[in-house]
Amino acid sequence: SENVVVGIDGPAGSGKSSVARAAARELGFQFLDTGAAYRSLGWLVYDRGADPGIREHVLKTLEQFDYEISLESGSQRVLVNGLDVTAQIRAEHISGAASRVAVVPEVRTRVNEIFRGLIQSAEPGIVVEGRDITTVVAPDADVRILLTARPEIRAERRASDVGEDADAIAKRIRDRDDRDMGNSDFMEPADGVHLVDSSDLSFNQTVQAVVNLVHGRT
Ligand code: C5P
């Protein structure tokens, strides 16, 4: 297809979600936050009173998981079984549930099909962010970026977002990174993937670095 696909991976707290959204807006592209699918399934597992750490519970919930997203106007809305859960899935306890359901291969296969369908039909282009976009979901994307930041910087940014202590957050980020690392090594750029370290960049500078890479299309 002729559309431009930009894949951005990175760890928790790297700021990739807000950076990817802002870059998409500047480029006039659509925006897909893939973590929202894992968060939505995690949310549904809890809603059913089930345990995201138990494979059978996750598979049972996956059978009843009707996931719908609308990508218009840069603000992605998320519907689970017809219910808008856009705000609920941002809760801190849902991050842990998301990274637990994400280790189940059947879950990854299912959500990847959804992502690929959306990516194919996104005109004139789309910025997709997650953990395995540059390696698994869209390895042939036009531009692939790994957005990182030093661990202490990621914890500080998260802490100021949610108004919580940076040390407690640093520990949860480390736990989530460890779990997520089992699915794909998103800390090391794969061949042909551009590394952008945002540690010493402002938000706008980081967005600009992404936009420049897309304009360069190297
Ligand atoms: O990016 P976000 O924090 O919303 O992702 C929530 C969780 O979903 C991650 O910690 C990870 O476990 C999972 N995820 C994933 N693959 C992706 C996106 C998110 O495994 N492409």
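Ala 149 counts as buried, at 8% relative accessibility; buried denotes under 20% relative accessible area, exposed over 50%, and partly exposed the range in between, with a 1.4 Å probe and protein chains only. The structure is a predicted model, in which local features need pLDDT of at least 70 and side-chain atom pairs count only at pLDDT 80 or more, whereas totals for chains, interfaces and linings use all residues. Residues are numbered from 1 along each chain as its sequence is written, and side-chain values use heavy atoms, with hydrogens and water left out.

**Ala 149 and Arg 154**

Ala 149 is located in the loop between strand S7 (143-148) and H7. Helices (H or I, at least four residues) and strands (E, at least two) are DSSP runs, numbered from the N terminus. Not counting residues up to four places away in sequence, Ala 149 touches Arg 154, Arg 157, Asp 197, Ser 198 and Ser 199, a contact being heavy atoms within 4.5 Å.

Arg 154 belongs to helix H7 (residues 151-162) and is buried, with a relative accessible area of 4%. A polar atom of the Arg 154 side chain lies 3.2 Å from the backbone oxygen of Ala 149. A polar contact of this kind is a pair of N or O atoms within 3.5 Å; within protein, one must be able to donate a hydrogen and the other to accept it, and residues adjacent in sequence count only if both atoms are side-chain atoms. Beyond four places in sequence, the residues that Arg 154 touches include Pro 11, Ala 12, Gly 13, Ser 14, Ile 173, Asp 177 and Met 187.

**The ligand site**

Around the ligand there are 14 residues, of which Arg 39, Arg 108, Asp 132, Arg 176 and Asp 180 come nearest; a residue is included if one of its heavy atoms lies within 4 Å of the molecule.

| Residue | Ligand atom | Distance |
|---|---|---|
| Thr 34 | nitrogen | 3.0 Å |
| Asp 132 | nitrogen | 2.9 Å |
| Asp 180 | oxygen | 2.6 Å |

On its own the ligand has 460 Å² of accessible area, and the protein covers 97% of this; accessible areas come from the Shrake-Rupley method with a 1.4 Å probe, and for residues only the protein chains shown count as cover.

Thr 34 sits in the loop between strand S2 (30-33) and H2. Thr 34 is buried, with a relative accessible area of 2%. Leaving aside neighbours within four places in sequence, Thr 34 is in contact with Phe 115, Val 128, Glu 129, Gly 130 and Ile 133.

**Nonpolar cores and the aromatic pair**

The largest nonpolar core has 37 residues, and Leu 32, Tyr 67, Phe 115, Ile 119 and Ile 126 touch the most other members. Such a core is a set of buried Ala, Val, Leu, Ile, Met, Phe, Trp, Tyr and Cys residues joined through side-chain atoms within 4.5 Å. Among the elements that give two or more residues to this core are helix H3 (55-63), helix H5 (105-120) and strand S6 (125-130). H2 gives the most, with 7 residues. Another core, of 20 residues, lies apart from it and includes Val 6, Val 19, Ala 24 and Val 196.

The whole structure holds 1 aromatic pair. This pair, Phe 65 and Tyr 67, is stacked, at 5.4 Å centre to centre and 20 degrees between the planes. Rings of Phe, Tyr and Trp (its six-membered ring) pair if their centres lie within 6.5 Å; planes under 30 degrees apart count as stacked, over 60 as edge-to-face and the rest as tilted. Phe 65 is buried, with a relative accessible area of 3%, and Tyr 67 also counts as buried, at 8% relative accessibility.

**Backbone features**

Most residues other than glycine have a negative phi, and most peptide bonds are trans. The peptide bond from Glu 123 to Pro 124 is cis, with omega near -5 degrees, and Pro 124 is placed in the loop between H5 and S6. Asn 81, although not a glycine, has a positive phi of about 50 degrees. Asn 81 lies in the loop between S4 and strand S5 (83-84) and counts as partly exposed, at 34% relative accessibility.
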